[in-house]
Amino acid sequence: MHNQKKVEQPSIIWRYSDKKDAPRILGINPWIYDFAAYNVWTRPTGLLCCLEMLGRAGACTALVDFMDKELDPDHWPGPRKNGQGHYPKTALPRPYVLKGVPRQFSRYGADKKRVRDVLTSIYPEPDLILVTSLMTYWYPGVISCIRLLKEIFPRTPVSLGGVYATLCYEHALNSGADLVISGPLERPDNWTKLWSLLGQGQVPIPEDSGLKPDTSYYARPDFSIIMTSRGCPFKCPYCASSKLYPRFRQAEPELVIEHVRQEYERGVRNFSFYDDALLVNSESVLYPLLEYIIDNDLVLRLHAPNALHIRYLSPKTCRFLKKAGLETIRLGLETTDFSNRVDSKLGPEEWHRGISNLLEAGFVRQDLVVYVLAGLPGQTKDELDISIRECLKMGLRPELNYYSPIPGTAMFEQARKYSDYPLEEPLWHNNSVWPCVKGGFSWDEQKYWKEKIKEGP
Ligand code: SF4
């Protein structure tokens with residue numbers, strides 16, 4: 001019903017509906033405002049799922065992604081061979097509350113003038129604009145984007161959803177959006193609110209909504225994403241996964257395979273997994289997908305930038321992943337202090353067994369990047385040091401992953417008590433400022449840890 005593609009103007013693909021009076025809905029992925037940002041195969045997955053379900057519900061849909069090179073190819077740094085890459089950036093003054101942080105603040109993504117030109121060229125104007133949001137502390141980029149949209153399309157209602165809107169709902173009410181959606185769009189109350197904004201009620205929610213990111217809006221992608229599930233059955237006290245997706249859901253394997261087939265056919269060779277819990281219940285979706293890739297001799301590079309659950313690295317899973325072409329591996333260790341860890345996702349035997357299964361399957365130690373959680377409230381330097389040493393002794397590559405306090409998570413209250421900063425302000429959730437480290441971010445301290453990792457065990 002909505003499978004006719006037409007390039008309306010450079011950079012924008014509208015997916016049309018044959019429904020009479022179908023509303024025109026424009027999805028927007030806004031800029032990132034931060035001290036640092038790098039494209040680790042990043043796509044606005046939630047927004048792509050929303051556009052897909054709205055398309056199936058009868059809307060005409062399109063995407064303008066401020067973080068995609070197609071929007072502003074002249075200013076975009078070339079990507080690496082594996083699809084990752086830098087974003088263009090424009091230096092900005094630090095927001096007032098962050099004035100003491102000794103780092104350069106920037107807007108990442110397409111040039112503002114180019115964005116304005118592209119948006120202005122959209123005719124007729126959309127009936128509804130859907131802005132997504134990711135990190136809570138990126139909200140200045142969201143507000144700046146909504147301001148621009150309101151200037152260009154003063155009559156079009158703007159709805160804001162995504163991570164920031166869900167976790168900081170009250171704060172997001174001041175974003176300038178006409179509607180703020182907290183939680184998934186496919187939740188019946190959110191779905192009804194959105195269609196009411198268009199003056200339409202009682203539109204049925206399409207089946208399997210929320211599990212099909214539509215990546216076809218990207219005309220010439222350097223990479224694509226794979227999402228086999230949403231959410232995570234664990235509830236680590238520092239993680240927002242269960243706040244964002246209260247239920248762990250898996251996609252139908254046929255859907256995921258068809259997505260990979262289509263992307264491969266149009267030349268995509270780098271695929272990044274977007275799951276929070278890729279290896280959970282892997283027989284259902286991951287195994288059929290990997291079997292498809294292996295049996296059809298697809299030559300591709302798979303990337304897992306979200307930490308994999310080490311406890312589920314069985315010999316079979318590791319063999320399949322290796323054979324199918326997994327190239328980028330990030331492992332969620334967090335700490336080697338197993339008796340005091342604050343989550344329950346990994347035990348010491350599982351840790352050693354997982355690593356040995358990966359090696360047995362043919363992965364090499366130097367490729368195994370292990371996330372160590374740093375900057376937790378009250379965490380000692382010694383604890384961090386021990387975890388880093390343990391990884392180095394095993395020949396693995398530890399990478400410090402700084403804690404970001406997330407409202408609504410079990411650890412947030414503790415973080416609030418411990419932090420020197422007012423965490424009600426989302427800008428202080430930024431892990432680049434080390435919000436729960438006494439004294440905050442310091443270049444000396446960062447250098448200290450970098451050298452420690454470099455010098456080895
Ligand atoms: S296991 Fe990972 S994704 Fe799941 S809750 Fe813990 S940190 Fe989040």
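## Salt bridges

Searching the whole structure turns up 26 salt bridges, counting a side-chain nitrogen of Lys or Arg within 4 Å of a carboxyl oxygen of Asp or Glu. Keep in mind that this is a predicted model, where local features need pLDDT of at least 70, side-chain atom pairs count only at pLDDT 80 or more, and totals for chains, interfaces and linings use all residues. Residues are numbered from 1 along each chain as its sequence is written, and side-chain values use heavy atoms, with hydrogens and water left out.

Let's start with Lys345, whose partner is Glu334, with 2.6 Å between the closest N and O atoms. Glu334 belongs to strand S16 (326-334), while Lys345 sits in the loop between S16 and helix H11 (348-360), so this pair ties together parts that are 11 residues apart in sequence. Helices (H or I, at least four residues) and strands (E, at least two) are DSSP runs here, numbered from the N terminus. Lys345 counts as buried at 12% relative accessibility, and Glu334 is buried too, at 9%. Buried means under 20% relative accessible area, exposed over 50%, and partly exposed in between (1.4 Å probe, protein chains only).

Another pair is Asp343 with Arg341, where the closest N and O atoms are 2.5 Å apart; both residues are buried. There is also a network: salt bridges with shared partners link Lys69, Glu70, Arg220 and Asp222. Within that group, the side chains of Lys69 and Glu70 meet at 3.4 Å, N to O. Glu70 has 15% relative accessibility and counts as buried.

## Around the ligand

Lys345 turns up again at the ligand, which is surrounded by Cys232, Phe234, Cys236, Tyr238, Cys239, Asp276, His309 and Lys345.

Sorted by type, the shell has five nonpolar residues, one polar and two charged.

## A three-stranded sheet

Now for some backbone. Three strands make an open sheet in the order S4-S7-S6, paired antiparallel. Strands S4 (32-34) and S6 (89-92) are at the edges with a single partner strand each, so one side of each is left without a neighbour in the sheet. From one strand to the next, the twist averages 25°, with axes taken as lines fitted to C-alpha atoms and angles running from 0 to 180 degrees between N-to-C directions.

S6 and strand S7 (residues 105-108) run antiparallel and are joined by four bridges; two strands pair if DSSP finds at least two bridges between them. Thr90 stands opposite Arg107 in S7.

Most residues other than glycine have a negative phi, and most peptide bonds are trans. Trp41 has a positive phi of about 55° without being a glycine. You'll find Trp41 in the loop between S4 and helix H1 (45-56), buried at 1% relative accessibility. Trp434 also has a positive phi, near 50°, and is found in the loop between helix H13 (412-418) and helix H14 (443-455). At 3% relative accessibility, Trp434 is buried.

Then there's the peptide bond from Tyr123 to Pro124, which is cis with omega near -5°. Pro124 is in the loop between helix H2 (112-120) and strand S8 (128-131).

Notes
Near = heavy atom within 4 Å. Nonpolar A, V, L, I, M, F, W, Y, C, P; charged D, E, K, R; others polar.
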